[in-house]
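Hello,

Here is the structure I promised to pass on. Please open it beside this message, and then read the notes below.

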Amino acid sequence: MTTDKIQGSILETVNYPEDIRKLDVGSLNTLAEELRRTIIQTVAKTGGHLASSLGTVELTLAVHYVFNTPRDKVIWDVGHQAYAHKILTGRKAVFHTLRQKDGISGFPRREESPFDVFTVGHSGTSISAATGITEARCLKKESFKTIAIIGDGAMTTGMAFEALNWAGDRDKDLIIILNDNEVSISPNVGAMSAYLNRIMTGQTVTRLRSELKNFLKNIPGIGEQMVKFTRHIEESLKTLIIPGALFEELGFTYVGPIEGHRLDHLIRTLENVKDLSGPVLLHVLTKKGKGYKFAEEEPLRFHGVAPFDIETGRPLSLNDRPVPVSYTKMFGNTIIELARMNPRICAITAAMCDGTGLSEFAKEFPERFYDVGIAEQHAVTFAAGLASENFVPVVAIYSTFLQRAYDQILHDVSLQKIPVVLVVDRSGFVGDDGPTHHGLFDMSYLRTIPDLVVMAPKDENELQHMLKTAVESECAVAIRYPRGKGVGVPVEPSPRIMELGKGEIIREGEDLAIMAIGSTVHPALEAAERLHKENISATVINARFVKPLDRNLLCEAAEKVKKVITVEENILMGGFGSAVLELLQDNGLHDCRVARLGVRDEFVPQAPQDELRKIYGIDADGIAATARMMMRCPPAKRK
Ligand SMILES: Cc1ncc(C[n+]2csc(CCOP(=O)(O)OP(=O)(O)O)c2C)c(N)n1
C-alpha cells in the first residue's frame, strides 16, 4: 500500500494531543473535518470500523483537549471507534497501515502507544478496567483522572452492569462517557437501550408533565387535590421523568444528554465534569457514520466494511469470479431448512444477527428468533432454559466471544446434559482484526467439557450435515467453522445425519498418516497429492470430531504407518493434536512419531488468513514440508 500524505492544513501540524490544546474551537472544528476525511480515505482502502469511528471524532478531540492525556487515562470500550484517537496520538504517519500485516491495530493496544491505556476488542470491559485503574490511583495516592468511553451497545453487557454496580458503591472519582448512537452492530435490543431512548425523549415527558399539572389545577373543585395526587405518584415515576435517574440511583452523578458533535458544548461540559467528585456518567448523543453520507444512511453496513469506493459507497470487488458460498451463509440457509421441518428449532444471537448469518431466519421465524444483545453468557444459559423445555436452541456466536460463556457451557449446559447446539463461527484465523478476534482457542476449551460433542466440518457441504446431526442428536454439540468462503465443493441438495464420533479416511497411504480437522482437511489432501508425486504415500483422515475422537479409525491408521501428522487451525495446547497424542498414548501406541501442526503458545497478530496459515505451516506447503521432514526421520524407538 502506498503511503498517503495526511491531507489538511491543521492536521499537518498536529501529532499529539498537546498540539490540539493550542487550537481555538474554530480550528478544532476544521480539524474534525480533516480527521473525518483521513479516516474515510484510509478505511476505503484498508477496510475497518468506519461508522463507529466517524461518530466519535468530536468526542475524541474534546477529551484529548480537556484532559491531560496520557497522564489522565482514557479507556475505550471495544476500541473500534478509536481511529481519531490513533491519529491524534502519534500514529498519523502510520495510519495508512491500519489493520495490515505489521501495521497498526484496528483497536487500542497497550504495546502500540502509552495513550492506549488498555488493550480492547471485546465489548464491555472499559468500566471494569477504569475502576481498577481508579483504585490503583488511590492506592498510589496519585491524582490523574480516569475516563471510560463506552457505547450504548457495550453498556448492555453483563460486565458493564457489574462494573457500574461496583463503581457506584466505591464512590471514587471516575468519569464514564456513554457514547449513545442508539445502535450497535445490529439495532440495539433490551431494556437498557429502551431506557436510554426514554432519556432522550425525557424533555418531552417533562413538558407534558407540567402541561398536565396546569390543566389539572384549572379543574374547579378537585384540581388541587389531583395535583397533590400526581406529586405523590411522581416519586414512583421518577425513573421515567428525571433523565438518568437509574444511574443516579446507582450512585453516579448523571450529566446529559448532550449533543456529541458540538465541540464548544462538549468542551465546556467536560471542563465542568472534570472537577466533579465521585463517579460521574456523562451521556453524549452521537450519530454513527457522522459526516459520510452512505455511513449515516446505513450505519450497520458501515460498522465494519471491506475496502469500498468513496464516491458510491460500494464495496470494491476484487474480481468478478463467482465465490463459493461462505460457511456463515451455509449455516444460515441450512438452519432455515431445518426449522421449516422442525418447529422446535430456535435461533439465538448475541447482537450479531447478520454476522452469524441469521438475518433470513429472523425474517422467516420472528417468533423463534432471539437477539439477546451483547450477552454471550446469557445467550447460552437462556438457550439451556429453552432446551430444558424441549426446544432445540441453536446459539450462533463467534469463537472469540464464546470464550465469555465457558462456565455457562459447562455448568448450565453440559453438567445438566441439556442439548444445546453451539454454532461457533469465525473459528481459526480471522485476519485483520487480529489477536482479540482470532478464534484459536475453542477446540481446546470445548474439548475439556464432559459430554459435549465438538465437531468441525471439512467444507461447507459437511457443515450442513453436521448441523442436521446436531439438532437431531439430543446431546450438547458445538460445531466450529472458519470465517469466510467455503472450499467450493458441490453442495448436496439436503442435509443428512452423520454418525457421532465417526471420522473418515479420504485417502489411503503407506508411509504416514495426516490427521486433519475442519479447515485443514482440504490442504492436507492437497499436500498428499503433492507428496504422491515425490513417492511419499500419505493417508489423509478427516477426523470430523475433536470429541469424541474416532478411536478405532485413528489408532488403526497410526498403528499401520507409525508416523502421524496432526493439523488444526487452533492452538496446539490442548487442541486436536493433543487429543490424538493422548489417544495414542492411552492405547499403547508408544512407538508412533507424532508431529503436531497448529498455533504455538502465543497470540497471533493481524494478517490475512492465508498468510497466517502459511506462517503457522498448516497450509498444503507446510503440511508437505513436515511430511518430507518426517520421512527423513526413523520411527520413534521403544525404550
Ligand atoms: C463480547 C463481544 N461480543 C460481540 C462483539 C462484537 N461487537 C463489536 S462492536 C459491537 C457493537 C458495539 O456497540 P456500541 O458499543 O454501541 O458501539 P458503536 O459501534 O455503536 O459505536 C459488537 C456487538 C464484541 N466486540 N465483543
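Of the 639 residues in the chain, 51% count as buried. Keep in mind that this is a predicted model.

First, the chain as a whole. Its secondary structure comes to 26 helices and 17 strands. The radius of gyration is 28 Å, close to the 26 Å that the globule rule gives for 639 residues, so the chain is as compact as a globular protein of that length. The C-alpha trace spans about 95 × 60 × 55 Å along its principal axes. Take the contacts between residues at least 6 apart in sequence: 78% of them join residues at least 24 apart.

Strand 4 pairs with strand 5 (residues 279–285) in the parallel sense, over five bridges. Across that pair, Tyr254 stands opposite Leu281 of strand 5.

Helix 7 has 13 residues and reaches 19 Å from its first C-alpha to its last, close to the 18 Å expected at 1.5 Å a residue. Which residues of helix 7 are buried? They are Met159, Ala160, Ala163, Leu164 and Ala167. Seen down the axis of helix 7, these buried residues fall within an arc of 130°, so they line one face of the helix. The general rule behind such a pattern is that an α-helix has 3.6 residues a turn, so residues three or four places apart point the same way.

The buried residues of helix 7 are covered by, among others, helix 6, strand 2, strand 3 and strand 5. On the face turned away from the buried side, helix 7 carries the exposed residues Asn165 and Asp169. Just after helix 7, Asp171 takes a positive phi of about 60°.

Helix 4 (residues 57–66) is mostly covered, with ten of its ten residues buried. Among them are Glu58, His64 and Tyr65.

Regards

Note on methods:
Residues numbered from 1 in each chain as written. Predicted model: local features only at pLDDT ≥ 70, side-chain atom pairs only at ≥ 80, totals over all residues. Pairing = 2+ DSSP bridges. Helix = DSSP H or I, 4+ residues; strand = E, 2+ residues; numbered from the N terminus. Expected span 1.5 Å × (residues − 1). Buried ≥ 20, exposed ≤ 12 C-beta atoms within 10 Å, placed from the backbone. Arc of directions from axis to C-beta. Contact = placed C-beta atoms within 7 Å. Rg over C-alpha atoms; globule rule 2.2 N^0.38 Å.
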